[in-house]
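Thanks for coming, everyone. Let me put the structure up, and then we'll walk through it.

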Amino acid sequence: MNIIAKSENLTMAEMYRLTKSSDVAKLTTMKNQELEIARFIVHEDVNTAGEPITVAAFETEQGEFFATNSPTFTRDFLDILTMCNEAGEPAPHRIKVLPKMGKSGREYIQCVYLG
């Protein structure tokens, strides 16, 4: 596993729960909803076919865990992290999971910065 980005000061237990725990729900279940982020990690993993994927995982302030391997959502979130860093601001605390329809008619999710 290669960690791409993470919240500051994550403990081993927090990293495990965000990356390996079975109680992490799919982020697509939160379409059109806001998340208050307590902790996050973006890492590379391998899917069941043995192909590399990038996964973004979040723990909310309410103690819920969500993850996605959506390339669009993950790219959006990493772009937000880069902009926060460039502006000298902390990582985002609030995001929104926004569903969009692609040209092919397939739905995907985007990450929207709220603060």
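Let's start in the sheet. Val 42 has Ala 56 in strand 4 as its bridge partner. Ala 56 in turn has a bridge partner in strand 5, Thr 68.

A word on what you're looking at. This is a predicted model, where local features need pLDDT of at least 70 and side-chain atom pairs count only at pLDDT 80 or more, while totals for chains, interfaces and linings use all residues. Residues are numbered from 1 along each chain as its sequence is written, and side-chain values use heavy atoms, with hydrogens and water left out.

Back to the strands. Strand 3 and strand 4 pair antiparallel, over nine bridges. Strand 4 and strand 5 also run antiparallel, joined by four bridges. Pairing here needs at least two DSSP bridges between the strands. Strands are DSSP runs of E, at least two residues; helices are runs of H or I, at least four; both are numbered from the N terminus.

Now the turns. The hairpin of strand 3 and strand 4 has five residues between the strands, and Gly 50 there takes a positive phi near 85°. The hairpin of strand 4 and strand 5 has four residues between the strands, and there Gly 63 takes a positive phi near 85°.

Stay on strand 4 for Thr 60. Is Thr 60 buried or exposed? Thr 60 is buried, with a relative accessible area of 3%. Buried means under 20%, exposed over 50%, and partly exposed in between, using a 1.4 Å probe and protein chains only. Beyond its neighbours within four places in sequence, Thr 60 is in contact with Leu 35, Glu 36, Ala 38 and Phe 66. Contact means heavy atoms within 4.5 Å.

Next, the aromatics. There are three aromatic pairs in the structure. Rings of Phe, Tyr and Trp (its six-membered ring) pair if their centres lie within 6.5 Å; planes under 30 degrees apart are stacked, over 60 edge-to-face, the rest tilted. Take Phe 40 and Phe 77: ring centres 5.1 Å apart, planes at 75°, so edge-to-face. Phe 40 sits in strand 3 and Phe 77 in helix 2 (residues 71-86), so this pair ties together parts 37 residues apart in sequence. Phe 40 is buried at 4% relative accessible area. Phe 77 is buried too, at 0%.

Phe 77 has another partner, Phe 58: centres 4.9 Å apart, planes at 90°, so this pair is edge-to-face. Phe 58 is in strand 4 and Phe 77 in helix 2, 19 residues apart. Phe 58 is buried, at 1%. Put together, Phe 40, Phe 58, Phe 73 and Phe 77 form one aromatic cluster.

Last topic: pockets. A pocket is an open set of points on a 1 Å grid over the protein atoms alone, where a 1.4 Å probe fits and protein lies on both sides within 12 Å along at least five of seven lines; lining residues have an atom within 4 Å of a point. Volume is the space filled by probe spheres set on the points, which are joined across faces, edges and corners.

The largest pocket has a volume of about 630 Å³. Its lining has 26 residues, with Lys 26, Ala 67, Thr 68, Asn 69 and Ser 70 nearest the centre. Strand 3, strand 4 and strand 5 are among the elements that each supply at least two lining residues.

The second largest pocket is about 170 Å³. Phe 40 is one of its lining residues, along with others including Leu 81 and Pro 90.
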